[in-house]
Amino acid sequence: LVSMAKAIQVEGLVIVTSGDWDYRDIVLNWVLHAHRLKYSNAVVLAMDRELFADLRRRRIAAFDTSQLLHAWNDTCLQRHIQQVRMERQVAVAALVASGFDVLHTDATCVLIRDVLPFVRDQPA
């Protein structure tokens with residue numbers, strides 16, 4: 001994930017969402033809007049192999065987290081949605097720990113205009 005972020009980051013910023021095959025239409029809508037805004041630094045955390053394969057086929061920046069989700073099976077996080085919610089937070093934390101700024105959005109967040117000027121104008 002960090003290697004991918006290094007390749008696509010813009011001024012140290014990576015824009016991240018996540019989803020699985022059941023939410024592929026929502027994820028694709030998010031990607032469409034991110035691309036319309038010229039966000040070349042957008043990446044999808046694919047929570048299953050099916051979505052990852054589909055996104056790669058479409059040449060959309062994606063990271064396969066399906067193997068990482070299986071690691072959660074040894075914890076108390078048994079339900080898929082619990083694993084997904086935790087894994088996306090861990091992924092964002094890994095990016096931040098690697099020195100990236102991260103804008104993490106839910107795939108249901110439709111970006112209709114450039115939010116980056118507003119975000120950058122906020123006090124630290």
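## Surface and burial

The chain exposes about 7,500 Å², of which carbon and sulfur atoms supply 54%, the areas coming from the Shrake-Rupley method with a 1.4 Å probe. This is a predicted model, in which local features need pLDDT of at least 70 and side-chain atom pairs count only at pLDDT 80 or more, whereas totals for chains, interfaces and linings use all residues. Residues are numbered from 1 along each chain as its sequence is written, and side-chain values use heavy atoms, with hydrogens and water left out.

Of the 124 residues of the chain, 40% count as buried, a word that stands for under 20% relative accessible area (1.4 Å probe, protein chains only).

## Helices and strands

The chain contains six helices and four strands, which are DSSP runs numbered from the N terminus (helices: H or I, at least four residues; strands: E, at least two). Along the sequence they follow the pattern α-β-α-β-α-β-α-α-β-α.

## Nonpolar cores

A nonpolar core is a set of buried Ala, Val, Leu, Ile, Met, Phe, Trp, Tyr and Cys residues joined through side-chain atoms within 4.5 Å. The largest one here has 19 residues, and those with the most contacts inside it are I15, V27, W30, V44 and L55. At least two residues of this core come from each of β1 (13-19), α2 (24-36), β2 (42-46) and α3 (49-57), with α2 giving the largest share, five residues. Apart from this core lies another, of eleven residues, among them L1, L45, A91 and F100.

## Contacts

If neighbours within four places in sequence are left aside, V27 is in contact (heavy atoms within 4.5 Å) with S18, G19, V44, L51, L55 and A107. Among contacts in the chain with a separation of 6 or more, 61% are between residues 24 or more positions apart.

Methods
Buried < 20%, exposed > 50% of the residue type's maximum accessible area, 1.4 Å probe, protein only.
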